[in-house]
Amino acid sequence: MTDRDIPEQYLDGYAHILAEVSATGRRLTREEMESRRILGEQAAEAGYGLRDLVSAHLTAARAVRSHSTGSTDSTLAAVQQAIDAFAEGYERAQRLAVRQEEAARREFIDDLLYGRSDLGRLAERAHRFGLRLSHAHAVAVAEGPRAYEEGAPVARQVEQALLARFGNRDVLLTTKDGRLLCIAPGHEDEVLPYFAKQAHAATDGGRVAIGRPHPGPGGVVQSYEEALNALELAERLNLDDSVLRAADLLVYPVLTRDRQAMADLVLGTLGPLTTARGGAQPLLDTLTVYFDSGCVAAEAARRLSLSVRAMTYRLERIRHLTGADPADPAHRYMLQTAVIGARLLDWPAKDL
């Protein structure tokens, strides 16, 4: 677009003001300044570019000056005043539009993730933000050392990295409850792992969980909840992985689906450990590290900063109290499942 394409309505009264200023040397009045601001707002709302609008003002100013014999300094000062006021109004309208867009985006995200809107209407609104909810989508959720904020440097850094790598592939990046979320089409297998890598690097730490792809608007909610559950599981189980996939953690929801049955298994299998000196926690930690070490006593001893002899003594103590031998494959599955259940149910810190 060139300055010739700018409608005259956005220059209304401008030439007359400059002609008067050139002849009298006066400054613009308060009313004239406000009229420029209003026109700037209207031009912004109509979608015209500020660069073309300024160019149109300068072209009009040259035309006025060519027919004027007044003070050049006064005319230039008036041009500067008028353009400054016009740009102020233009920027004011842009800030308002950004705030309105942010509010609409936030409302859409809330409705999408909590299923509070009619699905047909939600799908229509989704197109505005680059999502096609008829397709399958997956959600990744990042938690950092500090809460993520919309528009903050970390969020912008991750967004710019995604745009540079993938361009506009119907990917939505946003924040929710201090976390950074990425919603991507289910068939775009590279997007969410790359998001996880960038989010982890941008905060020099943190953890990212990736939900499974699911179809439809409800699928976004389901994938989001899977990612949140994966983060919660990682916290309970003290998992070290920086990137978690809900698909790899499906066994844990299965184990806790019948909470009472799991509680019975924990108490029935590990309950006797409470009679040990120091309570159940030290021996429970011993079992946890032993299983995490692939049932290699020497490696478990190293991780616990114990001698192999002390480690062997603890395992023998566990066998004596529970009647189950951690080194015996016939007992190992029951013990390991009970240990996982204890971590999921926060036992023995909480009574079952």
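This is a predicted model: local features need pLDDT of at least 70, side-chain atom pairs count only at pLDDT 80 or more; totals for chains, interfaces and linings use all residues.
Colleague: Starting with α1, which of its residues are buried?
Modeller: Helix α1 covers residues 14–24, and its buried residues are Tyr14, Ile17, Leu18, Val21 and Ser22. They lie on the same side of α1, because the arc they cover around the axis is only 130 degrees.

Colleague: Why would residues three or four places apart point the same way?
Modeller: An α-helix has 3.6 residues a turn, so residues at that spacing point the same way.

Colleague: And what is exposed on the other side of α1?
Modeller: His16, Ala23 and Thr24 are exposed there. Just after the helix comes glycine 25, with a positive phi of about 80 degrees.

Colleague: Switching to salt bridges. How many are in the whole structure?
Modeller: The search finds 13.

Colleague: What does arginine 212 pair with?
Modeller: Glutamate 226, with the closest N and O atoms 2.7 Å apart. The pair links distant parts of the chain: arginine 212 sits in the loop between β4 (207–210) and β5 (214–215), while glutamate 226 is in helix α8, 14 residues apart.

Colleague: Is glutamate 226 buried or exposed?
Modeller: Glutamate 226 is buried, because its relative accessible area is 13% and the cut-off for buried is under 20%. Arginine 212 is partly exposed, at 29%.

Colleague: Which residues are joined into one network?
Modeller: Glu34, Arg37, Glu41, Glu88 and Arg92, through salt bridges that share partners.

Colleague: What about glutamate 190, what is its partner?
Modeller: Arginine 165, with the closest N and O atoms 3.9 Å apart. Glutamate 190 is in the loop between β3 (179–185) and α7 (191–202), and arginine 165 is in helix α6 (residues 153–166), so this pair also links distant parts of the chain, 25 residues apart. Arginine 165 is partly exposed, with a relative accessible area of 45%.

Colleague: Last topic. Which residues gather in the patch of negative charge?
Modeller: Asp240, Asp241, Asp248 and Asp292 gather there, on the surface.

Colleague: Where is aspartate 241?
Modeller: Aspartate 241 is in the loop between α8 (216–237) and β6 (243–245). At 43% relative accessibility, aspartate 241 counts as partly exposed.

Note on methods: Residues are numbered from 1 along each chain as its sequence is written. Side-chain values use heavy atoms; hydrogens and water are left out. Patches are made of residues with over 30% relative accessible area and no salt bridge: like charges are joined within 9 Å, nonpolar side chains (Val, Leu, Ile, Met, Phe, Trp, Tyr) within 5 Å. Accessible areas come from the Shrake-Rupley method with a 1.4 Å probe; for residues, only the protein chains shown count as cover. A salt bridge is a side-chain nitrogen of Lys or Arg within 4 Å of a carboxyl oxygen of Asp or Glu. Lys and Arg count as positive and Asp and Glu as negative; His and the chain ends are not counted. The place of a charge is taken as NZ of Lys, CZ of Arg, CG of Asp or CD of Glu. Helices (H or I, at least four residues) and strands (E, at least two) are DSSP runs, numbered from the N terminus. Buried means under 20% relative accessible area, exposed over 50%, partly exposed in between (1.4 Å probe, protein chains only). The arc is that of the directions from the helix axis to the C-beta atoms.
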